[in-house]
Amino acid sequence: MTEICRAAITRFGRLAQVTKAIEELAELQRALARDIPPDAPEAAAVNVHEEIADVEIMLMQLRLLYDLLEINEWKERKLERLARMVGIDDPEGEVREWRG
Ligand SMILES: [Mg+2]
């Protein structure tokens, strides 16, 4: 996946891919808003799935375009904070597990 994302950045450029990320984030935002009502049609959830996939692909590219160490440090801090908020002391080390 990293190779594909690097190729996309090389082919289309940083500005285009950051702009695309903004667009995909907006599409996910709209899809989630449409899926909130309890009587939302099944198609709304399908659209959410598609938009989550789009955003995940763009996040992979943003991780290549921005400082990965900074991102990882922030993510670890935020996950540790969330773990404390939900009363998990993380004995399994899951906060660091995502780093691979
Ligand atoms: Mg999309």
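Predicted model: local features only at pLDDT ≥ 70, side-chain atom pairs only at ≥ 80, totals over all residues.
Reader: What makes the length of H2 agree with that of a helix?

Author: H2 covers residues 14-35, which is 22 residues, and at 1.5 Å a residue they should span 32 Å. The end C-alpha atoms of H2 are 31 Å apart, which agrees.

Reader: Why are H1 and H3 called roughly perpendicular?

Author: Helix H1 (residues 2-12) and helix H3 (residues 42-65) pack at an angle of about 70 degrees. The term applies to angles of 65 to 115 degrees, and H1 and H3 are therefore roughly perpendicular to each other. Their axes are 9 Å apart.

Reader: Which residues of H1 and H3 meet?

Author: From H1 come Cys5, Arg6, Ala8 and Ile9, and from H3 come Met60, Gln61, Leu64 and Leu65. By class, the residues of this contact of H1 with H3 are six nonpolar, one polar and one charged.

Reader: Where do H1 and H2 touch, and at what angle do they cross?

Author: The axes of H1 and H2 cross at roughly 115 degrees and come within 6 Å. Ala8, Ile9 and Phe12 of H1 make the contact with Arg14, Ala16 and Gln17 of H2. The contact of H1 with H2 has four nonpolar, one polar and one charged residues.

Reader: Why is H1 described as hardly covered?

Author: The count of buried residues among the eleven residues of H1 is zero. A residue needs 20 or more other C-beta atoms within 10 Å to be buried. After H1 comes Gly13, with a positive phi near 95 degrees.

Reader: Why is Asn47 called partly exposed?

Author: Asn47, in helix H3, has 19 other C-beta atoms within 10 Å. Buried requires 20 or more and exposed 12 or fewer, so Asn47 with its 19 is partly exposed.

Reader: Which residues does Asn47 touch?

Author: Leaving out residues up to four places away in sequence, Asn47 touches Ala31 and Arg34. The C-alpha atoms of Asn47 and Glu27 are separated by 9.3 Å, and the two residues are 20 residues apart along the chain.

How values were computed: Residues numbered from 1 in each chain as written. Axes fitted to C-alpha atoms, helices over the stretch in contact; angles between N-to-C directions. Helix = DSSP H or I, 4+ residues; strand = E, 2+ residues; numbered from the N terminus. Parallel < 35°, antiparallel > 145°, perpendicular 65-115°, else oblique. Contact = placed C-beta atoms within 7 Å. Nonpolar A, V, L, I, M, F, W, Y, C, P; charged D, E, K, R; others polar. Expected span 1.5 Å × (residues − 1).
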